[in-house]
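Please open the structure in your viewer and keep the selection panel at hand. The stops below can be followed in order.

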Amino acid sequence: VVFSPCVTKEIVATGGKELDRAAARYVECLAGEAVMIGSLLGYKLGGNAGNELDEGSRLLHNAVRAGFGYVTINGGRVVLLLNMRRCALFMRPHTLTCPAGSNRKINAKRRDVARLLRNYYSHAAATAIPKLSLRVNTAFDTAVAGLKAHHKSACWLTPQLECCWALMVAQGSMFVFELWCGDELVAADFGHAVGASFYVATRFFSPAHKRLQPGFVLALATCEYLSKRGFYIFDLGGTDSSPMMSYKSSIGHIVNRAFFHSEMQHIRNESTLELPSGCEIVAQITEKSLFKLP
């Protein structure tokens, strides 16, 4: 039996059991990693009209809830992703048999970042270097500008998707976790909270601050904050052997899509403490602000 890698727009827009069945089928049978919406040509996000934004936002939320990731291609056509290999940090003690040394590798990266912070603040005491802080949803336009500047032509954020994200931030179904160095935004993660899972759709950091390892600082500080609010999975999406994906194994477990899909079904209805929006959540990021596996 050959399954066409396509799911109707109506099924994605409605969500629920039909979309779950489609996702489960593709988890088992999909030879590649991409699933189109509507037809093999794909679903293109509409303009900035209210009904079109509502539809696009609902599609994205339902897709993430069903365990898909997503990107856009060809001027805004949404592609759902069920990656063969998924990188996710499982933040609770778990029976998961991790790849050899993965927990040690993650905690080793945490030690590296902690040492960096200690050194940074030791110099700060003498030279008044700005403090690193964590905020959420305080500067959407600035974060989008940083994302576009970082990824340049490889950035898949279209104007239509940007409008959808802005609406989802306003509705409380999307969050931008921001790392600030004083008054300068130096890294951001754009993501969706579904139950006890947080899916990072995309992220960026400022190359001018790469000595601070801002992407790692942001991820570890965000995970510590999320874990205290009851979250279990920090999902960085698909990964492969390319150099641009190599950082993921330093802050997450690499699992196959069947395992990830099973875990997602179990925790997507879990209750967590509500995430705030439009505020600073960690005034000064220190070693104690960084997530550590047991």
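Begin by selecting strand β10 (197-205), which gives the most to the lining of the largest pocket, with 7 residues. Strands here are DSSP runs of E with at least two residues and helices are runs of H or I with at least four, numbered from the N terminus. This is a predicted model, in which local features need pLDDT of at least 70 and side-chain atom pairs count only at pLDDT 80 or more, while totals for chains, interfaces and linings use all residues. Residues are numbered from 1 along each chain as its sequence is written, and side-chain values use heavy atoms, leaving out hydrogens and water.

Staying with the lining of that pocket, colour it by class to find 23 nonpolar, 11 polar and 6 charged residues; nonpolar means Ala, Val, Leu, Ile, Met, Phe, Trp, Tyr, Cys and Pro, charged means Asp, Glu, Lys and Arg, and the others, Gly among them, are polar.

At the N-terminal end of α8, show N256, which caps the helix with a side-chain oxygen 3.2 Å from the backbone nitrogen of A258.

Finally, move to A114 in helix α4 (residues 102-127), which counts as buried at 1% relative accessibility. Leaving aside residues up to four places away in sequence, A114 touches E287 and L290, where contact means heavy atoms within 4.5 Å.

Key:
A polar contact is a pair of N or O atoms within 3.5 Å; within protein, one must be able to donate a hydrogen and the other to accept it, and residues adjacent in sequence count only if both atoms are side-chain atoms. Buried means under 20% relative accessible area, exposed over 50%, partly exposed in between (1.4 Å probe, protein chains only).
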